[in-house]
Amino acid sequence: KIEVPMENKKSNHTPMANDAKKEFVVNYHMNEFCNYSCEYCYAKWGIGDLKKEIHNDLDKVEILLNSLYGFFSKNHESVRLNLVGGEPSLTKNFKAIIKIAHRIGFKIGLVTNGSVIDEDFIVNYSKYLSVIGFSIDAVSKEVMKKIGRATSSGRTLNIDLLAKKITQLRLHSPGIKIKINTVVNKNNFSHNLRSLLYKASPDKWKVFRVLPNVNPDSKITDDQYSTFLENHREFSHIMFPEDNNVMVGSYVMVDPLGRFFDNTCFDSQDAGYIYSSQITEVGAEEAFKVINFDQEKFWMRYDNENLIGKMAS
């Protein structure tokens with residue numbers, strides 16, 4: 001079985017030695033809305049009125065992104081802004097925000113379910129991206145529907161069409177990195193994703209273990225998670241497994257209202273988030289002080305050999 005380390009080391013908010021030149025990543029959850037309804041989705045903030053989401057006001061977005069870049073670029077030569085959701089491509093001003101982030105100086109990543117990424121976006125906007133990640137948990141329509149990766153009318157992602165989109169992305173933006181994100185849950189732990197991985201040929205494959213406190217019915221056992229990893233061992237060179245311990249407290253995240261939030265409460269029985277004040281009001285440096293962030297775990301997530309561990313022969 002593939003062993004995923006379970007260290008839970010503490011760290012402060014200052015960069016570790018030799019890490020300053022590495023790319024630091026901030027995840028901006030642009031919106032809560034998505035055209036899918038995955039049963040394990042953790043991107044829920046109970047905002048209610050979508051008009052409150054900061055993407056509606058480009059002036060506020062610019063203040064937010066300038067503050068984030070100014071704070072994190074002090075200690076890191078490169079800062080990547082990951083645009084996530086919800087489904088970020090359905091966000092008002094989505095394309096304008098990409099241009100703003102690029103002008104400010106961010107490297108830009110996008111995490112999407114891929115359903116509404118079209119030729120116009122690929123031709124005119126992929127040039128701004130350094131990374132694009134597709135959230136894919138299954139290749140079978142039946143399994144996708146069980147998970148909730150389908151529209152209200154039951155439409156699921158066409159994997160062959162996705163593969164063509166990836167080919168187009170590489171043609172128009174040769175330097176772009178392709179990533180696949182997979183959440184292992186009760187519906188897909190025995191599922192085979194080899195056909196997708198061979199078609200997409202991603203540069204990186206992130207394999208998350210479903211967070212049990214989001215939807216307890218989706219949780220899996222240690223053996224089930226290990227089974228999924230073992231069944232895909234041929235992709236260990238691109239596989240970055242993230243068990244629950246690795247995920248919790250290792251991400252810098254901003255919610256749709258422009259607040260830092262952390263998921264360290266998911267380490268206990270009390271599901272929920274810790275929130276900062278709005279960054280546009282107090283600035284990123286002040287807002288970040290209330291956030292629990294383990295920088296050692298953050299860097300560990302980018303260490304493929306550390307995450308994979310020793311595999312039985």
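The talk below takes the sheet, the rings and the backbone in turn.

Biologist: What kind of model is this, and how are residues numbered?

Modeller: It is a predicted model, in which local features need pLDDT of at least 70, side-chain atom pairs count only at pLDDT 80 or more, and totals for chains, interfaces and linings use all residues. Residues are numbered from 1 along each chain as its sequence is written, and side-chain values use heavy atoms, with hydrogens and water left out.

Biologist: What is the order of the strands in the open sheet?

Modeller: The sheet has 10 strands, in the order S7-S6-S5-S4-S3-S2-S1-S8-S9-S10, and its pairing is mixed. Strands are DSSP runs of E with at least two residues, helices are runs of H or I with at least four, and both are numbered from the N terminus.

Biologist: Why are S7 and S10 said to stand at the edges?

Modeller: Strand S7 (239–242) and strand S10 (274–278) each have a single partner strand. One side of each is therefore left without a neighbour in the sheet.

Biologist: How do you know that S1 and S2 pair?

Modeller: Two strands pair if DSSP finds at least two bridges between them. S1 and strand S2 (residues 78–84) have seven bridges, in the parallel sense. So they pair by that rule. Within this pairing, Phe 24 has Val 79 of S2 as its bridge partner.

Biologist: What makes the crossover from S1 to S2 right-handed?

Modeller: The chain goes from S1 through H1 to S2, a β-α-β crossover. Right-handed means that, with the strands pointing away from the viewer, the path from the first strand over the helix to the second runs clockwise. This crossover is right-handed.

Biologist: Which strand is joined to S1 by two bridges?

Modeller: That is strand S8 (residues 253–254), which runs parallel to S1. Asn 27 stands opposite Met 253 there. S8 also pairs with strand S9 (residues 259–262), in the antiparallel sense, over two bridges. Met 253 stands opposite Phe 261 in S9.

Biologist: Why is S1 called largely enclosed?

Modeller: Buried means under 20% relative accessible area, exposed means over 50%, and partly exposed lies in between (1.4 Å probe, protein chains only). In strand S1 (residues 23–29), six of the seven residues are buried, so the rest of the structure largely encloses it.

Biologist: Now the rings. Why is the pair of Phe 72 and Phe 288 called edge-to-face?

Modeller: Rings of Phe, Tyr and Trp (its six-membered ring) pair if their centres lie within 6.5 Å; planes under 30 degrees apart count as stacked, over 60 as edge-to-face and the rest as tilted. By this rule there are 24 aromatic pairs. Phe 72 and Phe 288 are 5.4 Å apart, centre to centre, with 80 degrees between the planes. So the pair is edge-to-face. Phe 72 is in helix H1 (residues 58–72) and Phe 288 in helix H10 (residues 284–288), 216 residues apart. Phe 72 is buried at 5% relative accessible area, and Phe 288 is buried at 3%.

Biologist: What makes the pair of Tyr 125 and Tyr 128 tilted?

Modeller: The centres are 6.1 Å apart, and the planes are at 45 degrees. Tyr 125 is buried at 14%, and Tyr 128 is buried at 18%.

Biologist: How do you know that the charged end of Arg 259 sits over the ring of Tyr 275?

Modeller: The rule asks for NZ of Lys or CZ of Arg within 6 Å of the ring centre and within 35 degrees of the ring normal. The charged end of Arg 259 is 4.0 Å from the centre of the Tyr 275 ring and counts as sitting over it. Arg 301 lies over the face of Tyr 251, at 3.6 Å from the ring centre.

Biologist: Last, the backbone. What makes Asn 93 and Ser 201 stand out?

Modeller: Most residues other than glycine have a negative phi, and most peptide bonds are trans. Asn 93 has a positive phi of about 70 degrees, and Ser 201 has one of about 45 degrees. Asn 93 is partly exposed at 23%, and Ser 201 is partly exposed at 43%. The peptide bond from Gly 85 to Gly 86 is cis, with omega near 10 degrees.
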